[in-house]
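The sequence and the structure are shown first.

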Amino acid sequence: MKRASSLPLSLLLVVLLGAGCASTPAARKYTPVDTGKAFLWEVKGTGGGTAYLVGSIHMGKPGALALPASMDAAFGKAEVLAVEVDTTRTDAASMGKLVRELGMLPEGQSLTQRLDPATRELLGRAATRLGVEVKGLERLRPWLAGLVLNNLEFEAAGYKQGHGVDRAFLDKAHGVKKQVVELETADGQLRMLAGTPESLQDLMLRDQLRREQGPGEIVEALTSAWQAGDAEGMAGLLLEGAKDETYRPVYERVFFERNVQMADRLEGLLGEPRVHLVVVGAGHVVGAEGIVALLQKKGHTVRQLPRDAAVE
């Protein structure tokens, strides 16, 4: 049996993916609707500024998330790349220290003693399935236990952050010395999770552990939606759980509150003379409370672009 606490590198990687990766996609079978479009939107600001918005899948396998022509064109036109967090420039040692400070329970306290019985039962099942000793999780707060288990499960299935869409753009940007700015910070993401009330942390962990699909099925469905440009399908996969009033607070915390902040940041970028390419998790872009909808409500013109068309 593995001890989860012996995996500091994996732990750091998953923290930097963004919390939305741990959400629970809908259990229904997903059939992609090919729209002919990329997971890419052109944003024309009310003041005349332009930005391009990409919805990212943070994890993948080599070659599965190849960038379509219109995304390459948008990257070429943009003078600045904006991402949630630049994971290529995050100091692992300082992040590890912060994770331990924020994610560990005080001596004498244990995770399972603090969990709701329903969450505790699901945790035991997940640990058995992954070959992890529950005692290796006991010193972790619920939010960190969820991230560790999520990372173990997806990496065991062969999915890694380095093959995600955001990493592809980061590598391209650093390769040509294009400026990169962060919409959030790794420190800020950690503090957001750690600052979540413990009752909501418990609910977040339960929502993650109750999913019925394996990691391969989940990422395959998300990848299919991304390749098809199926924004409605992606919203159904990632945000269906928000319709359940019990779990809606989880989605408020992980997605909707951050969507408002990111939309405000993007609106600020539209006021600059430079063109920005903004890459955030796909779950932040889609849905009635996603960034696209929020920008449209503010009066900006937003349109999804075809996969193969040149960017004007």
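How many aromatic pairs does a search of the whole structure find? The search finds three aromatic pairs. Rings of Phe, Tyr and Trp (its six-membered ring) are paired if their centres lie within 6.5 Å; planes under 30 degrees apart count as stacked, over 60 as edge-to-face and the rest as tilted.

The model is predicted, so to speak of local features requires pLDDT of at least 70 and side-chain atom pairs count only at pLDDT 80 or more, while totals for chains, interfaces and linings use all residues. Residues are numbered from 1 along each chain as its sequence is written, and side-chain values use heavy atoms, with hydrogens and water left out.

## Aromatic pairs and charges over rings

One of the aromatic pairs consists of F75 and F169, which are tilted at 35 degrees between the planes, with 6.1 Å centre to centre. This pair links distant parts of the chain, 94 residues apart: F75 lies in helix α2 (residues 69–77) and F169 in helix α7 (residues 165–175). Helices (H or I, at least four residues) and strands (E, at least two) are DSSP runs, numbered from the N terminus. F75 counts as buried because its relative accessibility is 7%, and F169 counts as buried at 0%. Here buried means under 20% relative accessible area, exposed means over 50%, and partly exposed lies in between (1.4 Å probe, protein chains only).

Another pair is formed by Y251 and F255, whose ring centres are 6.1 Å apart and whose planes are at 15 degrees, so the pair is stacked. Both residues lie in helix α12, four residues apart, about one turn of the helix. Y251 is buried, with a relative accessible area of 1%, and F255 is buried at 2% relative accessibility.

Charged side chains also meet aromatic rings. A charge sits over a ring if NZ of Lys or CZ of Arg is within 6 Å of the ring centre and within 35 degrees of the ring normal. The charged end of K178 sits over the ring of F75, 4.5 Å from its centre. The ring of Y247 has the charged end of R210 over it, 3.8 Å from the ring centre.

## The nonpolar core

Which residues have the most contacts inside the largest nonpolar core? They are L53, F169, M234 and L277, in a core of 98 residues. Helix α12 (residues 248–270) gives the most to this core, with ten residues. A nonpolar core is a set of buried Ala, Val, Leu, Ile, Met, Phe, Trp, Tyr and Cys residues joined through side-chain atoms within 4.5 Å. In soluble globular proteins, nonpolar side chains tend to be buried together.

Residues up to four places away in sequence not being counted, L277 touches L40, Y52, V54, A74, F75, A78, V80, L81, A82 and F169. Contact means heavy atoms within 4.5 Å.

Is strand β3 largely enclosed or open? Seven of the seven residues of β3 (residues 50–56) are buried, so the strand is largely enclosed by the rest of the structure. Both faces are covered, with T50, Y52, V54 and S56 buried on one side and A51, L53 and G55 buried on the other.

Two strands pair if DSSP finds at least two bridges between them. Strand β2 (residues 37–44) pairs with β3 in the antiparallel sense over five bridges, and E42 stands opposite Y52 in β3. β2 and β3 form a hairpin with five residues between them, and G48 in the turn has a positive phi of about 100 degrees. Strand β7 (residues 276–281) pairs with β3 in the parallel sense over six bridges. In that pairing L53 stands opposite V278 in β7.

## Salt bridges

The structure holds 24 salt bridges. A salt bridge is a side-chain nitrogen of Lys or Arg within 4 Å of a carboxyl oxygen of Asp or Glu. Some of them are listed below.

| Residues | N to O distance |
|---|---|
| E133 and K135 | 3.8 Å |
| R191 and D187 | 2.8 Å |
| E272 and R274 | 3.4 Å |

Salt bridges that share partners join E84, E184 and R258 into one network. K135 counts as exposed, at 56% relative accessibility. R191 and D187 are four residues apart in helix α8 (residues 186–194), separated by about one helical turn. R191 is partly exposed at 45% relative accessibility, and D187 is partly exposed at 33%.
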